[in-house]
Amino acid sequence: MDQELYERAGAWFEAHREELVQDIVRLVRIPSVSDPDSGKPPFGAACREVMDEMLQIGREHGFVTENYDYRVGSIGTGEKNWENMIGFWNHLDVVPAGNFWEYEPFEPVMREHFLIGRGAQDNKGPAVGMLYVMQCLRELGVPLKHELCLFVGCDEERGMEDLAWYRANHPCPAMSMIADSGFPVCYGEKGIMEGQLAATGEWSDAVISCQGGSAGNMIPDLALAVLKRDETIWQELQARTAGQRAESRNIFLEQTEEGIRVTARGTAKHSAFPEGSRNAIYELASFLAVLDGLEEGDRELFRSIAFLSEKYDGTNLEISYEDAVSGRTTCAATVLTMEKRRPVLNLNIRYAITDDPGRLQEGIRKAAGAKGYQWRLERDSAPNYFPKEHPAVSLLTGLYQEVTGERTESFVMGGGTYARKLPNAFAYGIGGMRESEQDVQAKKRLFKPGHGGAHEPDEGLNVRQLLEALRIYVVGIAALNDCPLQMEKGSHT
């Protein structure tokens, strides 16, 4: 590590802290949830607005920008040397705000050293941060042998159609780094499969509506059903909820003109890392599955939904699997809707690198069919594997260890980044850094349990950690000067 550059970069970022935060705020204010059906192509008016704003920020910092049909934007130099380029990739779209925020999701605020707002952490803060990395390297006069360019997209959270379109129409950098993960190098990502389980059975007229969840890659924190007004059912519901302790209450009842509204609360979390969360769809379905006032057919549908949404390891769908490279396959029920009178359950599956997607689908069809459901595949994004033997992996991992004093190794994860859609790509930070005692205490003051993380309510960006991560990036990019961007064929397996 270049200790002198590390110190100079730290001073530079500290001097630009307020400017950097305000640039992030400009983006977080825009509710850029990708919505290709909005009538404003390609991903909705808010995504067009956030792209315009990010490119404007890039020009204000002295870079040349290009807008590729509002799907991808670039910030760098005018003429691009693609064969000698390191590309940084970030996304500007966000997951829906969800529920139970203590702060306004799109009115970002600084509390202590945390910037709070949807997208501050995932991934607008890092996107602006990478722009500042390029500016820091330029202003400090660091000699670089590889060209740098920042790319930003607007459909990462929904399925990465932005990158699929870009790759079909434009060249890619020789090597790409994605600042949307944890340190050090994430050289592999599990496959992502999504689809729906559509019931063949129908609810009776007693179930007016039933729904839960807001995004395919979020564990739902809210699910609700509206039941036909019936005094017997109302009294049974009241009796069953009467014993709930206030601190652990998760079922709420309300009489409305439409009917009896039953609301279940869970805890939102990224579906790639579901452990420890409480799925609101399961909470609702398991509660209503034993409601005596409902017909047996309705109870059976709720029982099946509870069964299919209960676990995160795929055992109930006969698809459990684990390998030494990437760990276990996860399966989460994330969205519940109704098609006519039939329930439809969305599954978000993160499958191990050596798992077989054909085996997955066969298992799902068999297990779901036994419960009266049909499987409909929506998308299957194959796993990504960047050769661990590439010298960049050991170089950047070792540099991170030297800076932090930690023995953290390069890894494979269940989350999905743009790396899976790009050639010769891996993720590097900017999250996963060890928290200081100051961080721990601040989070206790600012966030409830289940709040503050990516895809959670009150999403917060630790600005102190961001600045430290950007310093690591600066010395890391300088250290890559003598690193080949492409490995020779046959040099790895």
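View 1. Glu 300 and Arg 303 are both located in helix H8 (residues 296-309), three residues apart, or about one turn of the helix. Helices (H or I, at least four residues) and strands (E, at least two) are DSSP runs, numbered from the N terminus. The two side chains meet in a salt bridge of 2.8 Å, N to O; the term denotes a side-chain nitrogen of Lys or Arg within 4 Å of a carboxyl oxygen of Asp or Glu. Glu 300, at 35% relative accessibility, is partly exposed, as is Arg 303, at 32%. Buried means under 20% relative accessible area, exposed over 50%, and partly exposed in between (1.4 Å probe, protein chains only). The model is predicted: local features need pLDDT of at least 70 and side-chain atom pairs count only at pLDDT 80 or more, while totals for chains, interfaces and linings use all residues. Residues are numbered from 1 along each chain as its sequence is written, and side-chain values use heavy atoms, with hydrogens and water left out.

**View 2. Salt bridges of Arg 471.** The structure holds 28 salt bridges. One of them joins the side chains of Glu 7 and Arg 471 (3.8 Å, N to O). Glu 7 belongs to helix H1 and Arg 471 to helix H12, so this pair ties together parts 464 residues apart in sequence. Arg 471 also forms a salt bridge with Glu 468, the closest N and O atoms being 3.3 Å apart; both residues lie in helix H12, three residues apart. Arg 471 is buried at 15% relative accessibility, Glu 468 is buried at 16%, and Glu 7 is partly exposed at 43%.

**View 3. Aromatic pair of Trp 12 and Tyr 132.** The structure holds 17 aromatic pairs, defined for rings of Phe, Tyr and Trp (its six-membered ring) whose centres lie within 6.5 Å; planes under 30 degrees apart count as stacked, over 60 as edge-to-face and the rest as tilted. Trp 12 and Tyr 132 are edge-to-face, with 6.2 Å centre to centre and 65° between the planes. The pair links helix H1 (residues 3-15) to helix H4 (residues 120-139), across 120 residues. Trp 12 is buried at 7% relative accessibility, and Tyr 132 is buried at 0%.

**View 4. Aromatic pair of Phe 88 and Tyr 473.** These rings are edge-to-face, at 6.0 Å centre to centre and 90° between the planes. Phe 88 lies in strand E3 (residues 85-91) and Tyr 473 in helix H12 (residues 463-479), 385 residues apart. Phe 88 is buried at 0% relative accessible area, and Tyr 473 is buried at 1%.
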